[in-house]
Amino acid sequence: TPGLSTLLTLAGGEFRGCLTASNGQLFAVGGTKLYRISSSWAATELGTLSTSTGPISMADNGLQVMIVDGPNGYVWTIGAATFAQITDPDFPGANQVSFVDGYFIFDVPNSGQFMITGLTAVTVDALDLATSEGKPDPLMGHIALNREILMLNEKSGEVFYNTGNADFPFERVQGGFFETGCAARFSVAKGDGHVFFLGQDENGTGIVYVWSGGATVQRISTHAVEYSIRQFTSFSDAEGYCYQEEGHLFYALNFPTGDTTWCFDLSTKFWHERTYSNDGALERHRGRFHAFAHGKHIVGDYENGKIYELSSSIYTDAGAPITRRRRSPHVSANGKRVQYKEFLLDIETGVGLDGATSTQGNDPQVMLRFSKDGGHTWSNEKWKSFGKIGERYVRPKWNNLGMARDMIFDITITDPVKVVIVGADLELERMAS
């Protein structure tokens, strides 16, 4: 679980989106303001948007950055250092913008249509229009990957590419249609040659898919994750982003209404719930949208203009403790009574902080509790040290845990130290009945 460290705070308001442009410059929107952020993490205000809340989308062509916020579009011209709202009467507004082969591509709100700008310039012609028309459902989201454009309607998807057609260059790939659509526009995110999104079809909704090219998508959510999603009163506001750290590609999916964050590790194919500890109450993660810029992974705070570094070498969430919890599956022996003799946690030890004895993390602790009734009630908390600095031979171990027909084990760590859990060993003995 990565931590957060505050790099700067944008004065404009809530963090709404960001882009690392092709020239390496970092742009971000906070509230009504567009900023450029330097490598020393200083923000320069560039222009003012007409809206103040909700996600924005940005793309660049090397010369210009195009920003859309739903009803409006804006252009930052890099060389001239000018900002302007798009006032062309042919521009219908847009929720998302992508860039492929010299063209900005954007959706026409509340329709199944999309448009393109002129080559290397943000000019709009009402005739530069096409429709994602495999089914008559409205366009929800789109994204560019490997010079193709994935158009995701409510219950279908289509893949377009540049054919060079003089009338309109983008046409559907032969056979590039599938009957799975998008349930949340801003859940669409890409990484490592894949596109992830929260999807739906004519049979139901609330399933997470990955598209890796071609005319098929693959379900990656589990039944447990899908059950969690469908408990929310709404998930059309879900927002996703991808980032890569230590060879792992993560897809983080925030649910504002559900107040939680689910995260998928493409390398291991495992899901985990990522949280922020607000005075002990676990909420959705603070990070909203992502860019890799100036050598750091950065995310913005969904509630204010703070921009954080996201890193596994940071052990708090901007000073707030990170709650790291692992829970075992049910441990039983075909309904027989079992004596649970010893639980040994295999964890990197000796990671305590080098500081005063009273400092949290100086002698880091792991808490164990267990349930004998399927997770409905839990034992008292049982704490063990996993090593002050340099104490590499410490092994957190709990003995004589009692007898039951079924047991679940749960461990929690909140100290601001490096946490590497390898696994656990359990010694038990099955009774005669």
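Which residues are linked in a network of salt bridges? The points below take up this question and the surrounding features.

1. This is a predicted model, in which local features need pLDDT of at least 70, side-chain atom pairs count only at pLDDT 80 or more, and totals for chains, interfaces and linings use all residues. Residues are numbered from 1 along each chain as its sequence is written, and side-chain values use heavy atoms, with hydrogens and water left out.

2. The network consists of Arg-325, Arg-327, Arg-369 and Asp-410. A salt bridge here is a side-chain nitrogen of Lys or Arg within 4 Å of a carboxyl oxygen of Asp or Glu. A search of the whole structure finds 18 of them.

3. Asp-410 belongs to strand β39 (residues 406–413) and Arg-325 to strand β33 (residues 324–327), so the pair ties together parts 85 residues apart in sequence. Helices (H or I, at least four residues) and strands (E, at least two) are DSSP runs, numbered from the N terminus.

4. Asp-410 counts as buried because its relative accessibility is 0%, while Arg-325, at 42%, is partly exposed. Buried means under 20% relative accessible area, exposed over 50%, and partly exposed in between (1.4 Å probe, protein chains only).

5. A salt bridge also joins the side chains of Glu-226 and Arg-219, at 2.7 Å, N to O. Glu-226 is buried, with 3% relative accessibility, and Arg-219 is partly exposed, with 36%.

6. Glu-179 and Lys-135 form a further salt bridge through their side chains (3.8 Å, N to O). This pair links distant parts of the chain, 44 residues apart: Glu-179 is in the loop between β17 (170–178) and β18 (181–182), and Lys-135 in the loop between β13 (124–131) and β14 (139–145). Glu-179 is partly exposed at 48% relative accessibility, whereas Lys-135 is buried at 16%.

7. The largest nonpolar core has 22 residues, of which Phe-196, Leu-198, Val-208, Tyr-251 and Phe-255 touch the most other members. Such a core is a set of buried Ala, Val, Leu, Ile, Met, Phe, Trp, Tyr and Cys residues joined through side-chain atoms within 4.5 Å. Two or more residues come from each of β20 (194–201), β21 (204–211), α1 (223–229), β24 (248–255) and β25 (260–265). Strand β24 gives the most, with four residues.

8. A second, separate core of 20 residues includes Ala-333, Tyr-340, Ile-347 and Val-366.
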